[in-house]
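Here is a short briefing on one protein chain. Please look over the sequence and the structure first.

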Amino acid sequence: MTDHFKIFPIGTIRKRDDKATIEIKKKYEAALLGMDKFSHIIVLSWFHKNDTPEKRNILRVHPRGDRTKPLRGVFATRSPIRPNLIAIYTCRILSVEENIIHIDKIDAFNETPVIDIKPCMSRNDFDSDLEVS
């Protein structure tokens, strides 16, 4: 087993005004074939604004930054501060044009690196009613 992996961006989240898109690098455009058949995608991105050794070593946080809530381990939260800065989102596809996926919205910063995309293929892929922090 290796202690390190190489992860590289396949695209970038673009946000302008009230529009959100995922711009896939041209060399990966062929990987989008058939994406327009799905209503939703799972987007994995990198919390690039938290990528510091100090923040990667924080293992406990107050859920949603609310100090009135007790500390929890980062694996028990949706905190962007974690050892591996992988974010996951479920997004509705509006359209796919060449290497651009138009989505309804995403809670990410403009220019956020995308590391993978997967189609939602079952009801289990969508957010549940389970309350998580």
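This is a predicted model: local features need pLDDT of at least 70, side-chain atom pairs count only at pLDDT 80 or more; totals for chains, interfaces and linings use all residues.

Residues are numbered from 1 along each chain as its sequence is written, and side-chain values use heavy atoms, with hydrogens and water left out. The protein chain has one helix and eight strands. Buried residues make up 34% of its 133 residues.

**Overall fold**

- Helices (H or I, at least four residues) and strands (E, at least two) are DSSP runs, numbered from the N terminus.
- Along the sequence, the protein chain reads β-β-β-α-β-β-β-β-β.
- The C-alpha trace of the protein chain spans about 45 × 35 × 35 Å along its principal axes.
- A contact is defined as heavy atoms within 4.5 Å. Of the contacts in the protein chain with a separation of 6 or more, 69% are between residues 24 or more positions apart.
- The protein chain has an accessible surface of about 9700 Å². Carbon and sulfur atoms hold 53% of that surface. Such areas come from the Shrake-Rupley method with a 1.4 Å probe; for residues, only the protein chains shown count as cover.

**Strand pairing**

- Two strands pair if DSSP finds at least two bridges between them.
- Strand β1 (residues 11-16) runs antiparallel to strand β2 (residues 19-24), with six bridges. T12 has E23 in β2 as its bridge partner.
- The hairpin of β1 and β2 has two residues between the strands. There, D17 takes a positive phi near 55°.
- β2 also pairs with strand β7 (residues 100-103), antiparallel, over four bridges. In β7, I101 is the bridge partner of I22.
- In a regular strand, side chains alternate between the two faces of the sheet.

**Nonpolar core**

- A nonpolar core is a set of buried Ala, Val, Leu, Ile, Met, Phe, Trp, Tyr and Cys residues joined through side-chain atoms within 4.5 Å. Buried means under 20% relative accessible area, exposed means over 50%, and partly exposed is in between (1.4 Å probe, protein chains only).
- The largest nonpolar core has 26 residues. Those with the most contacts inside it are I22, I41, I101, I106 and I117.
- β2, β3 (40-46), β6 (86-97), β7 and β8 (113-119) each supply at least two residues of this core. β3 gives the most, with five residues.
- I101 lies in strand β7. I101 counts as buried because its relative accessibility is 0%.
- Beyond its neighbours within four places in sequence, I101 is in contact with residues including A20, I22, L32, I41, I93, V96 and I117. I101 and A20 are 81 residues apart in sequence, yet 8.7 Å apart in space, C-alpha to C-alpha.
- Leaving aside neighbours within four places in sequence, I117 is in contact with I10, I22, I24, M35, I41, I42 and I101.

- T12 is found in strand β1. T12 is buried because its relative accessible area is 16%. Not counting residues up to four places away in sequence, T12 touches T21, I22, E23, E111, T112 and V114.
- R92 has its place in strand β6. R92 is partly exposed because its relative accessible area is 40%. With neighbours within four places in sequence left aside, R92 is in contact with S39, H40, H102, I103 and D104.
- R92 and K6 are 86 residues apart along the chain, and their C-alpha atoms are separated by 28 Å.

**Positive phi in loops**

- Most residues other than glycine have a negative phi.
- R64 is not a glycine, although it has a positive phi of about 60°. R64 is in the loop between β4 (60-61) and β5 (72-73). R64 counts as exposed because its relative accessibility is 64%.
- E98 is not a glycine either, and has a positive phi of about 55°. E98 is in the loop between β6 and β7. E98 counts as exposed because its relative accessibility is 58%.

**Ring geometry**

- K49 lies over the face of F109, at 4.8 Å from the ring centre. A charge sits over a ring if NZ of Lys or CZ of Arg is within 6 Å of the ring centre and within 35 degrees of the ring normal.
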